[in-house]
Amino acid sequence: MVRNKWKKRLLLGMAALVAVAILVLIVGFGNRKEKDRIRVGFIISGSIRENGWNGMHYQGIKAACDKLGVELLIKENVAEGTGQCEPALRQLAEEGAQMIFLSSYGYSEEVLQVVEAYPEIVFCVNSSEYHTDNMTSYFARMYQARYLAGIIAGMRTESGRIGYVAAMSNNEVNRGISAFTLGVKRVNPDAKVIVAWTGTWDDKEKEQDMADRLIREKKVDVLTCHQNQAHVIETAEAAGIDSIGYHMASEGLSEHYLTAVVCNWELVYRQMIREFLQGKGNSQDNYWIGLKQGAVALSDYSGAVSKEIKNEVKQAKEEILSGKDIFSGEIYDRDGTLRCGENETISDEMLLEQFDWYVEGVEFYEE
């Protein structure tokens, strides 16, 4: 009887040891999986539910992360110029993000020194003025689709006056305005593109006020914009004039809503994250893809876009896909200075980092 009790205790003890060993293995494996999990951080200036810039970026990176099996960490409503970007970045670093996207133009300048303090993290930012060994500039060649949109505007306008409500002057915005104007002047050499500045990416009241002024005072009959949301488009709809959107294709509007300049952000983020997973993060200063890769496009046309306009846009698109750059050939700025010669092409470096001018045909609204 004593021997049987001893055997029973021995068996129970061995079973307990086995259970403890299994538990240790499970916990260790779980911790290792947790440690090895790839995390991508994402900072945006607005809400992930926004119908515009921030919402489109969020949907794109979320789909990319889901397909690649990586975890997405989000910091939303981090306004530019408020000092909020640095703590958001540090929080993502503490949460284990190995790659962090800063998706608003002004972030890079705000956190340049902070980025350098995390050399082990791959950073990607939506502006090309600042680079470090671990920070890459990324965007899409939106100017290519802007050029195509300009062709539509130039063929639709009857007054020869097209309104453009833009946030602020920087390389990306200036490049887009100029590309759009080159598209307009391709088909309508005498037309003007009148730019009204708001000074902010997202201010509904100011954007709609500027759009209304362009309609009433400047007699524009087509409107487009470079803002986070579609407030300018709403004003154009209310006034019954043509408009061309940006970021997203709005729904439920009249035929005056001709098309929109859009980007396939999922494709952009998927390619960049995949390269990071392959060990090629920060392998270049600027990551910039466009029509050829399917990154930028025009959304579906409304019924107001004629066959003639579609054919002109198709021809221009084919020229771009065959290698012709929009910023090539003879181009003058609005002061009459020759910026590009007949047999020249403006380099990507100049387009990205030194576009502080506007092509001939651009005017500014003065209050």
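The model is predicted: local features need pLDDT of at least 70, side-chain atom pairs count only at pLDDT 80 or more, and totals for chains, interfaces and linings use all residues. Residues are numbered from 1 along each chain as its sequence is written, and side-chain values use heavy atoms, with hydrogens and water left out.

Glu 172 lies in helix α6 (residues 171-187); helices are DSSP runs of H or I, at least four residues, numbered from the N terminus. Glu 172 is buried, at 9% relative accessibility. Buried means under 20% relative accessible area, exposed over 50%, and partly exposed in between (1.4 Å probe, protein chains only).

The whole structure holds 15 salt bridges, each a side-chain nitrogen of Lys or Arg within 4 Å of a carboxyl oxygen of Asp or Glu. Lys 62 and Asp 66 form one of them, at 2.8 Å from N to O. Both residues lie in helix α2 (residues 53-68), four residues apart, about one turn of the helix. Lys 62 is partly exposed at 31%, as is Asp 66 at 48%.

Lys 67 pairs with Glu 266, the closest N and O atoms being 2.6 Å apart. Lys 67 is exposed at 58%, whereas Glu 266 is buried at 18%. A further salt bridge joins Arg 339 and Asp 333 (2.9 Å, N to O). Here Arg 339 is partly exposed at 38% and Asp 333 buried at 4%.

How values were computed:
Helices (H or I, at least four residues) and strands (E, at least two) are DSSP runs, numbered from the N terminus.
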